[in-house]
Amino acid sequence: MSACPDELKLVALDKDDIEVMSAHVQDALVRLGDILWQPNDHRFVMMVNRFDWMTAVDAKIGAPPNAKPDYRRCRTALRFERVLACKCRGLDQSHRDARLNLLAVAFAESDNPAGIVTLTFSGGGVIRLDVECLEAELADLGEVTTAEICPDHFADGRMPA
């Protein structure tokens, strides 16, 4: 384990911001026990091991053809404030050590500035947050581990239908 030299810290206050944040957490690995809903504080926090897409892209540019890429994962906190409700679908909450793969984070405004944040996981799991307004933060915590492979949604060479 090493420290992250370029720690990422992002704030999302609108749909465009959350799309940037979503790109950075695509394929993050999440332990179900690292998801925390604090209803009294109107806060939702999730600890993830995000795949560092920026480093993966940089590693491919200018690298010798047979060089082993430097893939890594960064320990990251994803926090949402002003959360009024949290609902889960397709996640067995009794298995706290279950591993999830976060695919995307999206925001849909319902009654400006309120809306719905949707966290979509592979396998059909979804967490839905009803928010008073969008107020999210993504912050690397400094811990970095090596990733053996780069996530590849199209490993079989076919685009999804």
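Start by selecting Arg72 and Asp52: their side chains are joined by a polar contact of 2.6 Å. Keep in mind as you look around that this is a predicted model.

Stay with Arg72 for a moment. You will find Arg72 in strand S6, which covers residues 72–81. Is Arg72 buried or exposed? Arg72 has a relative accessible area of 12%, so it counts as buried, the cut-off being under 20%.

Next, go to the largest nonpolar core, which has 30 residues. Select Met46, Phe80 and Leu119, the members that touch the most others in this core. Now colour strand S8, residues 99–111: with four residues, S8 gives the most to the core. As background, nonpolar side chains in soluble globular proteins tend to be buried together.

Zoom in on Leu119. Which residues does Leu119 touch, leaving aside those up to four places away in sequence? Show Phe44, Met46, Leu78, Phe80, Leu102, Ala104, Val105, Gly125, Val126, Ile127 and Leu129 to see them.

The last stop is the largest pocket, with about 160 Å³ of space. To outline this pocket, select Leu32, Ile35, Leu36, Trp37, Phe44, Cys86, Cys88, Leu91, Gln93, Arg96 and Ile127. Two strands, S4 (35–38) and S7 (83–89), are the elements that give two or more residues to the lining. S4 provides the largest share, three residues.

Note on methods. Residues are numbered from 1 along each chain as its sequence is written. This is a predicted model: local features need pLDDT of at least 70, side-chain atom pairs count only at pLDDT 80 or more; totals for chains, interfaces and linings use all residues. Side-chain values use heavy atoms; hydrogens and water are left out. On a 1 Å grid over the protein atoms alone, a cavity is a set of points where a 1.4 Å probe fits but cannot get out, and a pocket is an open set with protein on both sides within 12 Å along at least five of seven lines; lining residues have an atom within 4 Å of a point. Grid points are joined across faces, edges and corners, and a volume is the space filled by probe spheres set on the points. A nonpolar core is a set of buried Ala, Val, Leu, Ile, Met, Phe, Trp, Tyr and Cys residues joined through side-chain atoms within 4.5 Å. Buried means under 20% relative accessible area, exposed over 50%, partly exposed in between (1.4 Å probe, protein chains only). Contact means heavy atoms within 4.5 Å. A polar contact is a pair of N or O atoms within 3.5 Å; within protein, one must be able to donate a hydrogen and the other to accept it, and residues adjacent in sequence count only if both atoms are side-chain atoms.
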